[in-house]
Amino acid sequence: MFGEILKYIITIAACVNFLLLIGMVFLERRKPENIIAWLTILTFLPIIGFGLYIIFGSGLSVRTRRMIKRKAISERDIIRNIDGIQTLDEARIDDVLMENRELVSMCYAYGSYPLPGNDIKVFTGGEEKIKALKEDLLNAKTSINIEYYIFANDKVGKEIMEVLVKKAKEGVDVKLIYDSIGSRKAPRRFFKKLEESGGQIGEFFPPFMHIRLINLKLNYRNHRKLVVIDGQVGYTGGVNIRDDHMSRDKKLKPWRDTHIRIEGSGVYGLQNIFLDDWRYCKNDNTPPRLYLENGCFPSPKICGDATVQVLASGPDSQVQRIKETFVKMITCAKERVYIQTPYFIPDDVFFAALRIAVKSGVDVRIMVPRKPDKKTVYLATLSYLKEMAEIGVKIYLYNGFLHSKVMIVDDNLLSIGTCNMDNRSFGLNFENTVIIYSNDLNKSHQQIFADDIKNSQLVNLNYFQKKNSLTKMLQAIMRLLSSLF
């Protein structure tokens, strides 16, 4: 009797799974590698696979996509109305921008203005970043907009929350967005403190009926980490508000990360991203002109000599803006491409761009951690790195956990942000990155990369070939499923 029922359930599951695959091919038009991965799971695990698809595989609903787009405000519509902002042609008179004019034009086509006159400070660890952030938060006069993938209820999380509560009580307009999945271990009463003090809270993709175990959007995460203070100072990069990002976890120590502080017009891009996410989270219909009137975008000041373009990407768009920008940076490289990322799972386009660069004589180097925080993803990473080593890329394993998301190209181009070099960050996560046009910052970050090499191991093809058979088999399996991570 039980066998007949099970057979009946499996048959129904197989039929439903077949319809899901038809939908992927003809309605969602997913990439072939993504379809193949789901075909494997749904074929060999029909019942479990259906459950996994509902949780991890189903795309954002049409309603959600429309809602996000309807709430979004064009960066161009805001920034072009700020007195003192240059047009694209005016900005490209700058020598560095002229040298990278194709990239500048591409990012502009994606809605990102070239914003000049920025002073940028680079942090290579969580403690120094948090120290500077706390000081800027305490000095806030009018507004604090803060958005984090992970905002933990631990020592550093409580320190920052205490500052936010203090500023809210002083009358500063404090808005906080946290990701429902990334911050799932922090109880709602932790964030409630801020609301009770006069601040405002937004939870990105909250679960059904506020039951955190029931979240059909858990595969789509707001991975951004950004802060904008008084519309004049901004932070973004890899460091979350959590103790292990301060290198306090013995298993992942030392934790090496990269975060930046921007002072200047580049903050406008971060502010725009925050406001887009806030408008969606809170169903906010504030007319964009009011943001200009209430000080969200104050008149620009010349604080330094770096020009930046701030890019955002997410599953709400069919265009993977950050990935395509990275590909353009790589294909434009003439001398070097240095990459730091905790996860390296490229698609065919990204992989081909790196191969073309190597064959063109460009010095391509990739640095990943020796200590992984996610072993399954790390297995897939090693599989791709093996192929990179085969074509001549220099591979470095950092002696600790490397969480930086950095790309250095030639002598005046640099990208620092929240986006890893993997399929999840390119297609499933809401991410942001800052493209920095600066000879000085590029040179200083080349030195940072050189210093990191001193704490890394250069590995060759033999390192990957010496792995045992079980490891190689697991790498092959994880690579097959890597498009779903």
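**Close-up views of a predicted model**

**View 1. The whole protein chain.** Among contacts (heavy atoms within 4.5 Å) in the protein chain between residues at least 6 apart in sequence, 81% join residues at least 24 apart. This is a predicted model, where local features need pLDDT of at least 70, side-chain atom pairs count only at pLDDT 80 or more, and totals for chains, interfaces and linings use all residues. Residues are numbered from 1 along each chain as its sequence is written, and side-chain values use heavy atoms, with hydrogens and water left out. The protein chain holds 20 helices and 19 strands. Both are DSSP runs, numbered from the N terminus: helices are H or I with at least four residues, strands are E with at least two. Of its 485 residues, 57% count as buried. Buried means under 20% relative accessible area, with a 1.4 Å probe and protein chains only.

View 2. M407 lies in strand 15, residues 406-409. Is M407 buried or exposed? M407 is buried, because its relative accessible area is 0%. Leaving out residues up to four places away in sequence, M407 touches F326, M329, I330, V337, Y338, I339, F350, L413, L414, S415 and M421. Take M329: it is 78 residues from M407 in sequence, yet their C-alpha atoms are 8.9 Å apart in space.

**View 3. Helix 14.** Helix 14 spans residues 321-332, 12 residues in all. From first C-alpha to last it reaches 16 Å, close to the 16 Å expected at 1.5 Å a residue. The expected span is 1.5 Å times one less than the number of residues. Its buried residues are I322, K323, T325, F326, V327, M329 and I330.

**View 4. Helix 9 beside helix 10.** The axes of helix 9 (residues 126-138) and helix 10 (residues 155-169) come within 10 Å and cross at roughly 10°. The two helices are therefore roughly parallel, a label for angles under 35 degrees. Which residues meet here? I130, L133, K134, L137 and L138 in helix 9 meet V156, E159, I160, V163, L164, K166 and K167 in helix 10.

**View 5. Helix 10 and its cover.** Helix 10 has 15 residues and reaches 21 Å from its first C-alpha to its last, close to the 21 Å expected at 1.5 Å a residue. Buried here are V156, G157, I160, M161, V163, L164, V165, K167 and A168. What covers them includes helix 9, strand 2 (143-148), strand 3 (173-179) and helix 11 (188-196). G171 follows helix 10, with a positive phi near 100°.

Methods:
Buried means under 20% relative accessible area, exposed over 50%, partly exposed in between (1.4 Å probe, protein chains only). Axes are lines fitted to C-alpha atoms, for helices over the stretch in contact, and angles run from 0 to 180 degrees between N-to-C directions. Angles under 35 degrees count as roughly parallel, over 145 as roughly antiparallel, 65 to 115 as roughly perpendicular and the rest as oblique.
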